[in-house]
Amino acid sequence: MKSLFFSRGLAGLFTVAALLLSGCGYNDFQRLDEQTKSAWSEVLNQYQRRADLVPNIVATVKGEANFEQETLTKVVEARAKATSMQVTPETLNNPEAFAKFQAAQGELSSALSRLLVVTENYPNLKANQGFQDLRVQLEGTENRITVARNRYIQAVQAYNVLARSFPNNLTAMVFGYTVKPNFSVQNEAQISTPPTVDFNKK
């Protein structure tokens, strides 16, 4: 008889605990955390897609006589840096590691943009169908990266709002759900500075 009461008591405790956890946002943390991980995986997938295109682009451009070696070198170095970073699930909760990852990907974006600008000076490359196909693939990948990043930003925003809202912030403190870092505008300081306008210049 005692064991029956004990079993019922335990079942009651588990039921109460489950209700308390669901009412304080615990389940929402699980759901939104999984959404951020899924969105992050897609970001990584698209970044890898871009990295895989770089060797073919570099090889094609190398075939152009007298092409700017410095531009190619910067692309190769930026790709090496971006792909050498160890990205783990913990990166999502580490602002410093996240910032380093974002900076490395930003360097590759800048190097590729510079490469595409320079290729405009080479008519043979502009006429090369293989290079044009690679360029279209790269542009499509950049668009996919933008979409994937936007989805990740939205997922993290939803998670962070939950983590900061009362009473869910109490649950966050108990279970260690910290606010996740998010993508930022790389040239934030530059674009937030108003341009200088001088009408006296001739």
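Student: In this predicted model, is Val156 buried or exposed?

Tutor: Val156 lies in helix α6. In the predicted model, its relative accessible area is 0%. Burial requires a value under 20%, so Val156 is classed as buried.

Student: Leaving aside neighbours within four places in sequence, with which residues is Val156 in contact?

Tutor: The C-alpha atoms of Val156 and Val179 are 8.5 Å apart, although 23 residues separate the two along the chain. Contact, however, is judged by heavy atoms within 4.5 Å. With neighbours up to four places away set aside, the contacts of Val156 are Thr36, Lys180, Pro181 and Asn182.

Student: Over the face of which residue does Lys180 lie?

Tutor: Lys180 is among the contacts of Val156. Lys180 is also placed over an aromatic face, 4.6 Å from the ring centre. The ring in question belongs to Tyr159.

Student: Of the contacts with a separation of 6 or more, what percentage is accounted for by residues 24 or more positions apart?

Tutor: The protein has 202 residues, of which 32% count as buried. Among contacts with a separation of 6 or more, those between residues 24 or more positions apart make up 77%.

Student: Which kind of aromatic pair do Phe98 and Tyr152 form?

Tutor: Across the whole structure, a search finds 14 aromatic pairs. In the pair of Phe98 and Tyr152, the ring centres are 6.1 Å apart and the planes are at 20°. Planes under 30 degrees apart meet the criterion, so this pair is stacked.

Student: Why does the pair of Phe98 and Tyr152 tie together parts that are apart in sequence, and how many residues apart are they?

Tutor: Phe98 belongs to helix α4, whereas Tyr152 belongs to helix α6. Phe98 is buried at 2% relative accessibility, and Tyr152 is buried at 0%. Because the partners sit in these two helices, the pair ties together parts whose separation in sequence is 54 residues.

Student: Which kind of aromatic pair do Tyr152 and Phe183 form?

Tutor: Tyr152 lies in helix α6 and Phe183 in the loop between α7 and α8, so this pair ties together parts that are 31 residues apart in sequence. Both residues are buried. Their ring centres are 5.7 Å apart, and the angle between the planes is 75°. Planes over 60 degrees apart meet the criterion, so the pair is edge-to-face.

Student: Which residue lies over the face of Phe183?

Tutor: Phe183 belongs to a cluster linked by ring pairs, together with Trp40, Tyr47, Phe98, Phe101 and Tyr152. A side chain is also placed over the face of Phe183, at 4.1 Å from the ring centre. That residue is Arg149.

Student: Is Thr91 buried or exposed?

Tutor: Thr91 is located in the loop between α3 and α4. Not counting residues up to four places away in sequence, Thr91 touches Trp40, Gln86, Ala97, Phe98 and Pro181. Its relative accessibility is 5%, so Thr91 counts as buried.

Student: Which helix supplies the largest share of the lining of the largest pocket?

Tutor: The largest pocket holds about 160 Å³ of space. Helices α2, α3 and α4 each supply at least two of its lining residues. The largest share is four residues, and the helix supplying them is α2.

Student: How many charged residues are in the lining of the largest pocket?

Tutor: Residues lining the pocket include Leu44, Tyr47, Ala82, Phe101 and Gln105. By class, the lining has eight nonpolar and three polar residues.

Student: Which residues is Gln105 in contact with, leaving aside its neighbours within four places in sequence?

Tutor: Gln105, one of the pocket-lining residues, is found in helix α4. At 5% relative accessibility, Gln105 counts as buried. With the sequence neighbours set aside, its contacts are Tyr47, Arg50 and Ala82.

Student: Which residues are joined by a cis peptide bond?

Tutor: Pro167 lies in the loop between α6 and α7. Its cis peptide bond has an omega of about 5°. The residues joined are Phe166 and Pro167.

How values were computed. Residues are numbered from 1 along each chain as its sequence is written. This is a predicted model: local features need pLDDT of at least 70, side-chain atom pairs count only at pLDDT 80 or more; totals for chains, interfaces and linings use all residues. Side-chain values use heavy atoms; hydrogens and water are left out. On a 1 Å grid over the protein atoms alone, a cavity is a set of points where a 1.4 Å probe fits but cannot get out, and a pocket is an open set with protein on both sides within 12 Å along at least five of seven lines; lining residues have an atom within 4 Å of a point. Grid points are joined across faces, edges and corners, and a volume is the space filled by probe spheres set on the points. Ala, Val, Leu, Ile, Met, Phe, Trp, Tyr, Cys and Pro count as nonpolar, Asp, Glu, Lys and Arg as charged, and the others, Gly among them, as polar. Buried means under 20% relative accessible area, exposed over 50%, partly exposed in between (1.4 Å probe, protein chains only). Rings of Phe, Tyr and Trp (its six-membered ring) pair if their centres lie within 6.5 Å; planes under 30 degrees apart count as stacked, over 60 as edge-to-face and the rest as tilted. A charge sits over a ring if NZ of Lys or CZ of Arg is within 6 Å of the ring centre and within 35 degrees of the ring normal.
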